[in-house]
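Biologist: Could you take a close look at one part of this model for me and walk me through what you see? Take your time and keep it friendly, please.

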Amino acid sequence: MRNKKTNLWIMLSLAAVLLLSACGTSGNAGGNTGNTAGNTGGKSLGEQVKHEIIGIDPGAGIMKAANAAIEEYGLSDWTLIEGSGAAMTATLAKAIKSEQPIIITGWTPHWMFAKYDLKYLEDPKKVFGEAEEIHTVVRKGLKEAHPAAYEFLDRFEWTSDEMGEIMTAIQEGQDPAEAAKAWAESHSDRVDAWTADIQPVDGDTFKLSYVAWDSEIASTNLLQYVLENRLGYKVEALQVEAGPMWTGVANGDVDATAAAWLPLTHADYWDKFKDQVEDLGANMTGVRTGLVVPSYVEANSIEDLNQ
Ligand code: PBE
């Protein structure tokens with residue numbers, strides 16, 4: 001009886017010591033409460049995240065690249081989870097709140113890099129490409145059918161910082177159309193330059209296609225605002241999956257998209273449809289895709305996932 005009691009006390013004290021030392025470790029790591037820096041319970045990063053990479057919609061080019069990365073870096077026990085851009089950022093927010101490790105498919109420009117301390121995992125094999133750009137791609141014959149819109153879309157180019165202003169406003173709760181309008185009004189010099197000397201039309205309809213990626217929600221709402229309020233069009237912005245976004249422009253159902261990530265991210269779509277569309281060139285340069293983690297995650301390279 002006494003022995004049992006003593007054992008219980010020893011066990012309880014041991015548990016208390018373990019608990020205290022666990023708190024000490026997280027204190028040293030900067031107030032972590034989660035299972036991250038320094039307090040991993042001996043688990044590898046892969047084990048901590050159940051060997052899951054949090055992806056987005058299956059049609060996104062970044063999903064193909066992420067699957068290629070799994071292949072090229074020998075990450076055969078890893079799974080790429082399908083979802084959406086919104087589900088991915090929700091999962092990211094939750095992980096960061098509890099300082100848990102997480103690996104996502106990420107891209108720039110994106111508001112998440114302003115809101116959180118994140119880093120790209122290095123990609124020595126360049127599976128996610130280099131020098132990526134966002135292009136404006138239009139249907140064949142657009143120049144003749146809608147010369148005003150064509151001229152504007154041909155001139156349209158901006159920076160990731162500019163897009164970031166709209167993205168952040170939307171993320172903070174502003175309606176996308178309102179955020180685009182506010183941006184256009186406070187940057188009228190930019191809008192003036194894109195539309196100078198273009199003769200507006202009288203309510204012609206114009207169709208844009210895009211996917212619900214945060215970057216493309218920002219750009220498409222801006223294009224819609226300018227086409228409607230500066231050039232007199234009545235715009236329909238179709239939110240679809242990546243495949244239909246490209247197919248629509250290729251078969252002429254849609255007039256334009258400003259969401260073509262080239263040369264790598266949408267290489268498949270480009271190869272399939274390049275003869276059926278017209279590429280108006282980059283509307284933004286210096287964009288990027290890859291695997292992204294919160295800065296508190298110890299891995300620095302995709303190669304580190306293989307441990
Ligand atoms: N993205 C954002 C897209 C293009 C724009 C990187 C998520 C994609 O992967 O297809």
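Modeller: Let's begin with Ser-209, which sits in strand β6, residues 205–210. Keep in mind that this is a predicted model. Is Ser-209 buried or exposed? Its relative accessibility is 1%, so Ser-209 counts as buried. And what does Ser-209 touch? Leaving out residues up to four places away in sequence, its contacts are Leu-238, Val-240, Met-245, Val-249, Val-254, Ala-256 and Thr-257.

Pro-109 belongs to the loop between β3 (104–108) and α5 (112–115).

Now for some rings. Trp-111 and Tyr-116 are both buried. A search of the whole structure turns up eleven aromatic pairs. In the pair made by Trp-111 and Tyr-116, the ring centres are 6.4 Å apart and the planes meet at 55°, so this pair is tilted. Phe-156 and Trp-158 make a tilted pair too, with 5.6 Å from centre to centre and 45° between the planes. Phe-156 is buried at a relative accessible area of 1%, and Trp-158 is buried at 4%. Ring pairs also join Phe-152, Phe-156, Trp-158, Trp-183 and Trp-194 into a cluster.

Trp-183 takes us to a pair of helices, as it is one of the α9 residues that meet α8. The axes of α8 (residues 160–171) and α9 (residues 176–186) come within 9 Å and cross at roughly 140°. That angle makes α8 oblique to α9. The crossing is right-handed. On the α8 side, the residues involved are Glu-162, Glu-165, Ile-166, Ala-169 and Ile-170, and on the α9 side they are Pro-176, Ala-179, Ala-180 and Trp-183. Sorted by type, the contact has seven nonpolar residues, no polar ones and two charged ones.

Last stop: two backbone angles. Lys-50 is not a glycine, yet its phi is positive, near 55°. You'll find Lys-50 in the loop between α2 (45–48) and β1 (52–54), and it is exposed, with a relative accessible area of 65%. Glu-99 also has a positive phi, about 50°, without being a glycine. Glu-99 is placed in the loop between α4 (85–97) and β3.

Key:
Residues are numbered from 1 along each chain as its sequence is written. This is a predicted model: local features need pLDDT of at least 70, side-chain atom pairs count only at pLDDT 80 or more; totals for chains, interfaces and linings use all residues. Side-chain values use heavy atoms; hydrogens and water are left out. Axes are lines fitted to C-alpha atoms, for helices over the stretch in contact, and angles run from 0 to 180 degrees between N-to-C directions. Helices (H or I, at least four residues) and strands (E, at least two) are DSSP runs, numbered from the N terminus. Angles under 35 degrees count as roughly parallel, over 145 as roughly antiparallel, 65 to 115 as roughly perpendicular and the rest as oblique. A crossing is left-handed if the near helix is turned anticlockwise from the far one by less than a right angle, and right-handed if clockwise. Contact means heavy atoms within 4.5 Å. Ala, Val, Leu, Ile, Met, Phe, Trp, Tyr, Cys and Pro count as nonpolar, Asp, Glu, Lys and Arg as charged, and the others, Gly among them, as polar. Rings of Phe, Tyr and Trp (its six-membered ring) pair if their centres lie within 6.5 Å; planes under 30 degrees apart count as stacked, over 60 as edge-to-face and the rest as tilted. Buried means under 20% relative accessible area, exposed over 50%, partly exposed in between (1.4 Å probe, protein chains only).
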